[in-house]
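Notebook open. I want to look up a few spots in this model and write down what I find.

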Amino acid sequence: MSNRLKNEKSPYLLQHADNPVDWYPWGEEAFEKARREDKPVFLSIGYSTCHWCHVMAHESFENEEIAGILNQYFVAVKVDREERPDIDSVYMAVCQAMTGNGGWPMSIFMTPDQKPFYACTYVPPAARYGMMGFRELLLVVEDRWKNKRPQLLESADLILDHLTSENSQGEGNIDTDLPRQAANLFAQSFDKQYGGFGNAPKFPTPHNLIFLTLYSVLYHEKNAFEQVKVTLKKMRRGGIFDQIGYGFSRYSTDRYFLVPHFEKMLYDNALLILAYAIAYQVSGERMFLDTAEKTAAYVFREMTGPQGEFYSAQDADSEGQEGRFYFWEYKEVMQVLGEEAGKKFCCQFGIVEDGVFEGKNIPNLLSGNAISDEFEQERKTLYEYRKSRAPLHLDDKVLTAWNSLMICALAVLYRVTGNNRYLLAAEKNQQFIERYLVKENLLYVSCRDQKRSVNGFLDDYAYYGAALLCLYQASSKEVYLQRARDILEETRQQFADKKNGGYFLYGTKNDSLITKPKETYDGAMPSGNSVMAYNLVRFSQLEESMENNRRAQQQLAFLSEEAKKYPAGYTLFQTALLLYLYPPEKITVVLAGEEPEKVLVSLPLYADVRILTEPTDEYALINGKTTYYVCKDYTCLPPSNEMPC
């Protein structure tokens, strides 16, 4: 029998629609019931491709006995963290404050007025490994709610006081030394042997690599870019990159980038396309471009909808096992490819009879074999064979923020390749966003089956603003700059903290929660505040005015205060700061018949480029040939038919 989630659009909520738990979606109906029946609320937060969310669902939420306890003593609420990042942010801060860590599934016990008094993540159904079982936990919480409620309420008030006391206390000043401090921190944690930073697990965190690349160029620090190159090469060679179907998994469980957590997220792949494309333009190494293009090919093939929309994620699990879809046995490869071709392929991609992980193989090139297309036909054969396995769950909701990030990736990939396919795909996606995820200047978080979810949050506006600026840089179409201006102003109106600086996660068009977070740290994705720093700096350089410059300076000053805590944790802000400290040169190109993309690929990515297909009064053709107008360091050079060095 279905519960109240059956009418939702979120793939994660629909996964739980047939649980025996009487789930409610987040909303007043659930909290009114809790108040009326004097019950605590059990809040469960996760997402559709989360492995441990699946495990807890199967062990506990599909268990009739446990569901009966939940239904009797609690009001149970399910939240998709990707659709409601505001709820996830508020209660993740609670979980981290109470337990010292966080993650998904997140389990919160709270009062009917949304005040949390206990938090945890995954809980097994019965006690094991020193962990209390979920059944036992429910009964303990119910007993304390009934018999020791004052202590629970006091705990809830203390947590709430702690969280609300952490608000920023003003803007401060721009700290120009933060990029150097961040680069030094990365140098200290860099794994010279295997790439990446720190110990396992290793997350790609591509915005860290993008910052280090720009830092190395501007500060002439070769060691910083060496860290980037080693890391990108190791990831491309490892099992974290799907050598058969392309695309990157979420993170590596080991130091070597061999054994990943196999779910594939749109945002990781978009950010990695950016990191590899930028590394290619700086270094000229074709492997970086090849990886960016293969990753884009994966997104086009498996994560793209019929109207150019990009889906959110592919699951790690199939047939109840994480990674099963991606594992290979030596004999299996031999059967599919034949003995001669199979042996060569296995030798190339590290596939052995005993397996490299729990008796199975994960194709990789970590042994040092050349990265090439020599085995392209064998790869295609194995890819087609792999499609016959139990398919992976696809989270096909379309998220505004993540799609916007993919637009940025494709716009940059177009700039470094000149391949018009990437620009067309980016523009088609932007048209989808305008059609299904925007109403005038108001954004929505997501849509599925053309049905929109809730009003957008800071990240949606910030990322979409960045996408529009990237499209303008790639296409020179003024309409994108004008649209970016509208979105940035709407962001300021809805989310700006006019007293203390920065931007709140949710704003005037969103529901109010028990706290009002202001996220600044750049985790798996850059924070909305860091993206806004980038947007405001770039917009002030593209559309110069004292007011635009003032707003950029205010955001940089606000984030400077935040970043002092740990400069390496704020790398997109640091990238924006570098762009502010070292403004890109401005290049206007008047074409004399050439295709724009042919000229664009010859221009530096670190430049503000505008391409005119016809001369104007201000920008004329010289000698009837393509003419370059270049301004840098507050000085404009004479127009020339050659791009100045």
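**Entry: Q96**

Is Q96 buried, partly exposed or exposed? I looked up its relative accessibility and got 43%. That lies between the 20% and 50% cut-offs, so Q96 counts as partly exposed. I note that the model is predicted.

I placed Q96 in helix 5, residues 85–99. Leaving aside neighbours within four places in sequence, I find Q96 in contact with N101 and G102. I also checked Q96 against C120. The two are 24 residues apart in sequence. Their C-alpha atoms are 9.0 Å apart in space.

**Entry: strand 3**

Next I went to strand 3, residues 75–80. How many of its six residues are buried? I count six of the six, so strand 3 is largely enclosed by the rest of the structure. In a regular strand, side chains alternate between the two faces of the sheet. I therefore checked each side of strand 3, and both faces are covered. V75, V77 and V79 are buried on one side. A76, K78 and D80 are buried on the other.

Then I looked up pairing partners. Strand 1, residues 24–25, pairs with strand 3 in the parallel sense over two bridges. There I find P25 opposite K78. Strand 2, residues 41–46, also runs parallel to strand 3, with six bridges between them. G46 stands opposite D80.

**Entry: sheet 8-9-12**

I moved on to an open sheet of three strands, in the order 8-9-12. Its pairing is antiparallel. Strand 8 and strand 12 (394–395) are the edge strands, and each pairs on one side only. Two bridges join strand 8 to strand 9. I noted K264 with its bridge partner Q314 in strand 9.

**Entry: helix 12**

Helix 12 spans residues 286–302, 17 residues in total. From first C-alpha to last, helix 12 reaches 24 Å, close to the 24 Å expected. I listed its buried residues: M287, F288, L289, T291, A292, K294, T295, A296, Y298, V299 and F300.

What covers them? I find helices 10, 11, 16 and 17 among the covering elements. Strand 8 (264–265) and strand 9 (313–314) are also included.

**Entry: S530**

S530 sits in helix 20, residues 528–542. Buried or exposed? Its relative accessible area is 0%, so S530 is buried. The S530 side chain makes a polar contact of 2.9 Å with the side chain of D522. Not counting residues up to four places away in sequence, S530 touches T520, D522, L559, L572 and F573.

**Entry: cavities and a pocket**

The structure holds three cavities of 30 Å³ or more. The largest cavity has about 140 Å³ of space. It is lined by 14 residues, and the closest to its centre are R236, Q243, F349, S372 and D373.

I also looked up the second largest pocket, with a volume of about 790 Å³. How many residues line it? I get 32. Nearest its centre lie I210, I278, V412, Y534 and L605. Which elements give two or more residues to this lining? They are helix 9 (206–219), helix 11, helix 16, helix 18 (458–475), helix 20 and helix 22 (571–581).

Methods:
Residues are numbered from 1 along each chain as its sequence is written. This is a predicted model: local features need pLDDT of at least 70, side-chain atom pairs count only at pLDDT 80 or more; totals for chains, interfaces and linings use all residues. Side-chain values use heavy atoms; hydrogens and water are left out. Helices (H or I, at least four residues) and strands (E, at least two) are DSSP runs, numbered from the N terminus. Buried means under 20% relative accessible area, exposed over 50%, partly exposed in between (1.4 Å probe, protein chains only). A polar contact is a pair of N or O atoms within 3.5 Å; within protein, one must be able to donate a hydrogen and the other to accept it, and residues adjacent in sequence count only if both atoms are side-chain atoms. Contact means heavy atoms within 4.5 Å. The expected span of a helix is 1.5 Å times one less than its number of residues. Two strands pair if DSSP finds at least two bridges between them. On a 1 Å grid over the protein atoms alone, a cavity is a set of points where a 1.4 Å probe fits but cannot get out, and a pocket is an open set with protein on both sides within 12 Å along at least five of seven lines; lining residues have an atom within 4 Å of a point. Grid points are joined across faces, edges and corners, and a volume is the space filled by probe spheres set on the points.
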